[in-house]
Amino acid sequence: YVRMSAGALDYDNAAELAVVVNEATGSSSGTTGLATYYLFDDANADRAELDSGSVQANVGGVVAAEAADVSLADVDGDGLDEVVLAGATNLAWGCDDDFSALMIALDDAPSGHARIGATVDDLLYPNCPAFNSWKRFFVFVATPDLDGDGVHEIAANQLIYDDFAGAAPFT
């Protein structure tokens, strides 16, 4: 499945497009996934590919997302959108399976889409019933301006992160 978001990654007043392609292989007892992101310029630039790669980061070792979501929003207060990726570090088939969120922020186009932050945080579900295990395969990301200051915060499932204008990334 595919996730998309549009926003202003540069100063040309036209929307760029971020796409995450999620692929899964295997069976119900052994499925693995692969998440890949693509950044495309606006229609005036013929939707040229600006950047792409696996949704992964070195956070105490290389961690890859097996499924991911994307949102474009200004999370650092510079007036341009950043690329916010949220990924599931594994496909959890039961309540006892680890389920963590890989969070990555890439800067805007003038900054070369450089990584400005990454972290892995546990996603805990204390009400997950052992007798009827929940399958958890995805981390959803949204970037609302929760405090009304004009700079967007990051929400990934039940995790909430402050914007980067007044706090270190992913705090």
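Is Phe40 buried, partly exposed or exposed, going by its relative accessibility? Phe40 counts as partly exposed, because its relative accessibility is 21%. The cut-offs here are under 20% relative accessible area for buried and over 50% for exposed, with partly exposed in between, using a 1.4 Å probe and protein chains only.

Hi everyone, and thanks for coming. Before I go on, please keep in mind that this is a predicted model, where local features need pLDDT of at least 70 and side-chain atom pairs count only at pLDDT 80 or more, while totals for chains, interfaces and linings use all residues. Residues are numbered from 1 along each chain as its sequence is written, and side-chain values use heavy atoms, with hydrogens and water left out.

Let's stay with the rings for a moment. The structure holds six aromatic pairs. One of them is formed by Tyr38 and Phe40, and this pair is stacked, with 6.3 Å centre to centre and 15° between the planes. For a pair, the ring centres of Phe, Tyr or Trp (its six-membered ring) must lie within 6.5 Å; planes under 30 degrees apart are stacked, over 60 edge-to-face, and the rest tilted. Tyr38 is partly exposed too, at 26% relative accessibility. Elsewhere, ring pairs link Tyr1, Phe138 and Phe140 into a cluster.

Now to strand 3, residues 32–40, where you will find Ala35. Strands are DSSP runs of E with at least two residues, numbered from the N terminus. Ala35 is buried, with a relative accessible area of 1%.

Please look at the backbone here: Asp46 has a phi near 60°, a positive value in a residue other than glycine. For Arg47, phi is near 55°, again positive in a residue other than glycine. Asp46 counts as exposed at 68% relative accessibility, while Arg47 is partly exposed at 38%.

On to charges. Side chains of opposite charge can pair when their charged atoms come close. How many salt bridges does the structure hold? There is one, and a salt bridge here means a side-chain nitrogen of Lys or Arg within 4 Å of a carboxyl oxygen of Asp or Glu. The partners are Arg3 and Asp69, at 3.0 Å from N to O. Arg3 lies in strand 1 (residues 2–7) and Asp69 in strand 7 (residues 67–73), so the bridge ties together parts that are 66 residues apart in sequence. Asp69 is buried, with a relative accessible area of 3%, whereas Arg3 is partly exposed at 29%.

There is also a patch of negative charge on the surface, where Asp96, Asp97, Asp98 and Asp122 gather. To join such a patch, residues need over 30% relative accessible area and no salt bridge, and like charges are joined within 9 Å. Asp98 is in the loop between strand 8 (82–88) and strand 9 (100–106), and counts as exposed at 62% relative accessibility.

One last stop: Asp149, in the loop between strand 11 (141–142) and strand 12 (154–156). Asp149 is partly exposed, at 44% relative accessibility. The C-alpha atoms of Asp149 and Asp163 are separated by 9.7 Å, with the two residues 14 apart along the chain.

Key
Patch = residues over 30% accessible without salt bridge, like charges linked within 9 Å, V, L, I, M, F, W, Y side chains within 5 Å. Areas by Shrake-Rupley, 256 points an atom, 1.4 Å probe, with all protein chains shown as cover. Lys, Arg positive; Asp, Glu negative; His and termini not counted. Charge placed at Lys NZ, Arg CZ, Asp CG, Glu CD. Helix = DSSP H or I, 4+ residues; strand = E, 2+ residues; numbered from the N terminus.
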